[in-house]
Amino acid sequence: MENKNNANHMPLEQLTQNLAAKADTLYKFVLLYSNYLNSSRDYGTGNVVTMMEVHTLTEIADHPGVTVTQLAEYWNRTKSAVSQTVSKLERRGFIYRVTNASNRKISELYVTEEGARLSAAHKAYDLVDISHTLEDLLRSCTYEEIDCFYKVLAAYTKLFEE
């Protein structure tokens with residue numbers, strides 16, 4: 001008995017259309033999420049920053065003394081891109097640099113009091129935002145489906161990292 005749902009038995013044209021639709025869905029998600037990442041917001045302190053800026057700040061807060069090179073490796077971004085973000089954070093008074101005593105070419109990064117306040121506000125904001133997102137997703141998905149999404153997302157991430 002032939003299974004019409006099996007991709008191995010699906011006509012090539014239909015298979016191509018299904019794959020194209022999935023690729024379009026993924027592409028739309030990536031574009032919308034990119035816009036979300038690059039939009040600025042107030043995390044509750046009156047300071048408006050992008051998600052990349054606040055996540056970089058929080059990484060510095062969580063790892064005092066981290067370097068631009070280490071951040072670039074962690075975020076899988078160029079040192080130049082991370083340096084630009086770090087410079088913005090420094091100009092705005094959220095972080096400061098300390099020259100490494102044994103290697104003067106290395107600057108270690110630390111948060112200021114205002115940076116620590118923003119990082120803490122960001123963490124609290126994220127917890128509420130994640131809870132609201134989960135509530136919204138549960139209107140159309142089960143917990144199991146959401147867990148499967150994160151499993152696939154982790155596998156996709158691994159593919160990109162390779």
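## Aromatic pairs

Seven aromatic pairs turn up in a search of the whole structure (ring centres of Phe, Tyr or Trp, the last by its six-membered ring, within 6.5 Å). Phe 29 and Tyr 33 form one that is stacked, at 5.8 Å centre to centre with 15° between the planes; stacked means under 30 degrees, edge-to-face over 60, and tilted the rest. Because they are four residues apart in helix H1, Phe 29 and Tyr 33 are separated by about one helical turn.

## About the model

This is a predicted model, where local features need pLDDT of at least 70 and side-chain atom pairs pLDDT 80 or more, while totals for chains, interfaces and linings use all residues. Residues are numbered from 1 along each chain as its sequence is written, and side-chain values use heavy atoms, without hydrogens and water.

## The largest pocket

A pocket here is an open set of points on a 1 Å grid where a 1.4 Å probe fits, with protein on both sides within 12 Å along at least five of seven lines; lining residues have an atom within 4 Å of a point. Its lining counts 39 residues, and Phe 29, Tyr 33, Leu 37, Met 51 and Leu 153 are the closest to the centre.

H1 gives the most to this lining, with eleven residues (helices are DSSP runs of H or I, at least four residues).

## H2 against H4

The axes of H2 and H4 come within 10 Å and cross at roughly 80°, so H2 is roughly perpendicular to H4 (65 to 115 degrees). Axes are lines fitted to C-alpha atoms over the stretch in contact, with angles from 0 to 180 degrees between N-to-C directions.

Note on methods
Helices (H or I, at least four residues) and strands (E, at least two) are DSSP runs, numbered from the N terminus. Angles under 35 degrees count as roughly parallel, over 145 as roughly antiparallel, 65 to 115 as roughly perpendicular and the rest as oblique.
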